[in-house]
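Below is a set of questions and answers on how the parts of one protein model are arranged. Look at the structure before reading on.

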Amino acid sequence: MTATIIDGKAFAASVREKVQAHVAHLKASHGIVPGLAVVLVGEDPASQVYVRSKGKQTVEVGMKSVEHKLDADTAEADLLAMIKDLNADDSIHGILVQLPLPGHLNEDLVINAIEPAKDVDGFHISNVGLLGTGQKSMVPCTPLGCLMMLRAHHGSLSGLDAVIIGRSNIVGKPMAQLLLGDSCTVTIAHSRTKDLPDVVRRADIVVAAVGRAEMVLGDWIKPGATVVDVGINRIDAGTKEDGSQKTRLVGDVDFASVSAVAGAVTPVPGGVGPMTIACLLANTLTACCRANSIAEPEGLTV
Ligand code: NAD
């Protein structure tokens with residue numbers, strides 16, 4: 001079997017188009033412009049790239065983008081004061097603090113200082129609890145993007161066996177809640193799981209969120225299963241002509257062997273990654289609609 005490639009780039013473009021159209025409608029009918037504030041502390045190069053990309057795409061769909069760049073040694077009290085101001089700012093509907101934070105800052109404290117209704121990353125403890133109890137919440141962007149692609153590919157997910165590899169708070173656990181919400185039978189595997197290949201072989205849906213390059217192999221996959229690769233790993237790809245090192249991005253899934261067995265697979269790059277930022281824009285729009293008691297567009301959240 002040769003797997004269908006689930007094109008996350010094209011899917012993300014369609015989500016952005018939907019967001020853009022609704023933003024235009026909000027402006028024209030209600031005079032409201034959704035606003036997203038992104039706070040970056042320090043100079044982590046990967047975080048800088050993400051923040052730039054988020055800001056650019058926010059503006060492209062017609063929203064207001066505000067970026068706050070703080071020094072790596074910013075005091076916790078100053079960061080909390082900034083979040084308090086953003087919580088009170090009516091022109092800001094979404095607040096995102098780029099993680100990871102420098103070691104002297106307490107991530108839990110900082111994330112839980114964000115007003116839950118503006119917590120477009122869905123990491124605030126209130127949103128975690130709401131999602132876990134099946135109530136309306138802000139849903140973490142990466143798992144939301146995975147769910148959108150799975151729903152689009154399968155239609156109903158009801159009764160399917162899903163195995164999620166990885167139990168992080170930002171991907172694995174919320175992914176499990178979302179798939180449970182769609183009536184899958186969910187298993188969360190992790191670093192202590194016994195006989196991981198055997199567990200994965202039961203799955204109709206596999207979500208790999210581990211951070212280990214090309215770990216999931218074709219002979220772990222049930223023929224015809226759908227495989228969603230969340231991993232982003234930079235690996236050595238030899239040397240350039242000038243002697244410098246080449247790298248390339250790969251997922252947690254060994255694409256060549258898995259795509260020969262699976263029914264469908266998301267590629268890296270071009271799969272989950274673009275959907276994550278598209279879902280951040282969707283969450284900002286959702287937060288804006290909720291703040292103004294305006295109907296939310298269909299299909300952009302759960
Ligand atoms: P994490 O390090 O917080 O969690 C990794 C999980 O993998 C842990 O729960 C651990 O138990 C499990 N694990 C580790 N080794 C294992 C093994 N040998 N067998 C089974 N399970 C194992 O990572 P995370 O933040 O959840 O991210 C996972 C990956 O997804 C990373 O590559 C990250 O870069 C990527 N990611 C991508 C996006 C995106 O937008 N595409 C967003 C978030 C994370």
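Helices (H or I, at least four residues) and strands (E, at least two) are DSSP runs, numbered from the N terminus. The model is predicted.

Q: Where does glutamate 214 lie, and what is its phi near?
A: Glutamate 214 lies in the loop between strand S7 (205-208) and strand S8 (226-229). Most residues other than glycine have a negative phi.

Q: Is glutamate 214 buried, partly exposed or exposed?
A: Buried means under 20% relative accessible area, and exposed means over 50%. The relative accessible area of glutamate 214 is 28%, so this residue counts as partly exposed.

Q: Which loop holds serine 183, and what is its phi near?
A: Serine 183 sits in the loop between helix H7 (172-181) and strand S6 (185-189). Its relative accessible area is 42%, which means that it is partly exposed. Serine 183 is a residue other than glycine, yet its phi is positive, near 65°.

Q: Which residue is joined to proline 100 by a cis peptide bond?
A: Proline 100 is in the loop between strand S4 (94-97) and helix H4 (107-111). Most peptide bonds are trans. Here omega is about 0°, and the cis bond joins proline 100 to leucine 99.

Q: What is omega for the bond between valine 268 and proline 269?
A: Proline 269 belongs to the loop between strand S11 (264-265) and H10. A cis peptide bond joins valine 268 and proline 269, with omega at about 0°.

Q: How many of the 20 residues of H10 are buried?
A: H10 reaches 28 Å from its first C-alpha to its last, close to the 28 Å expected at 1.5 Å a residue. Just after H10, serine 293 takes a positive phi of about 50°. H10 itself is largely enclosed by the rest of the structure, because the number of its residues that are buried is 15.

Q: Is H1 roughly parallel, roughly perpendicular or oblique to H10?
A: Two packed helices are described by the angle between their axes and the distance between the axes. For H1 (residues 8-30) and H10 (residues 272-291), the axes are 8 Å apart and the angle is about 20°. Angles under 35 degrees count as roughly parallel. Therefore H1 is, relative to H10, roughly parallel.

Q: How many nonpolar residues does the contact of H1 with H10 have?
A: The H1 side includes Phe11, Ala12, Val15 and Val19, and the H10 side includes Met275, Ala278, Leu281 and Leu285. By class, this contact of H1 with H10 has 2 polar and 2 charged residues, while the number of nonpolar residues is 14.

Q: How is H1 placed relative to H6?
A: The axes of H1 and H6 are 11 Å apart, and the two helices pack at an angle of about 100°. An angle of 65 to 115 degrees counts as roughly perpendicular. So H1 is, relative to H6, roughly perpendicular.

Q: Which residues of H6 make the contact with H1?
A: On the H1 side, the contact is made by Gly8, Phe11 and Val15. By class, the contact of H1 with H6 has 5 nonpolar, 1 polar and no charged residues. The residues on the H6 side are Met148, Met149 and Ala152.

Q: Which residues of H10 meet H2, and what is the handedness of the crossing?
A: The axes of H2 and H10 come within 10 Å and cross at roughly 50°. That makes H2 oblique to H10. Ser53, Lys54, Gln57 and Thr58 in H2 meet Ile277, Leu280 and Leu281 in H10. The crossing of H2 past H10 is right-handed.

Q: Is serine 137 buried or exposed, and which residues is it in contact with?
A: Serine 137 is placed in the loop between helix H5 (125-132) and helix H6 (141-154). Its relative accessibility is 6%, so it counts as buried. Leaving aside neighbours within four places in sequence, serine 137 is in contact with Asn127, Leu130, Leu131 and Arg290.

Note on methods:
Residues are numbered from 1 along each chain as its sequence is written. This is a predicted model: local features need pLDDT of at least 70, side-chain atom pairs count only at pLDDT 80 or more; totals for chains, interfaces and linings use all residues. Side-chain values use heavy atoms; hydrogens and water are left out. Axes are lines fitted to C-alpha atoms, for helices over the stretch in contact, and angles run from 0 to 180 degrees between N-to-C directions. Angles under 35 degrees count as roughly parallel, over 145 as roughly antiparallel, 65 to 115 as roughly perpendicular and the rest as oblique. Contact means heavy atoms within 4.5 Å. Ala, Val, Leu, Ile, Met, Phe, Trp, Tyr, Cys and Pro count as nonpolar, Asp, Glu, Lys and Arg as charged, and the others, Gly among them, as polar. The expected span of a helix is 1.5 Å times one less than its number of residues. Buried means under 20% relative accessible area, exposed over 50%, partly exposed in between (1.4 Å probe, protein chains only). A crossing is left-handed if the near helix is turned anticlockwise from the far one by less than a right angle, and right-handed if clockwise.
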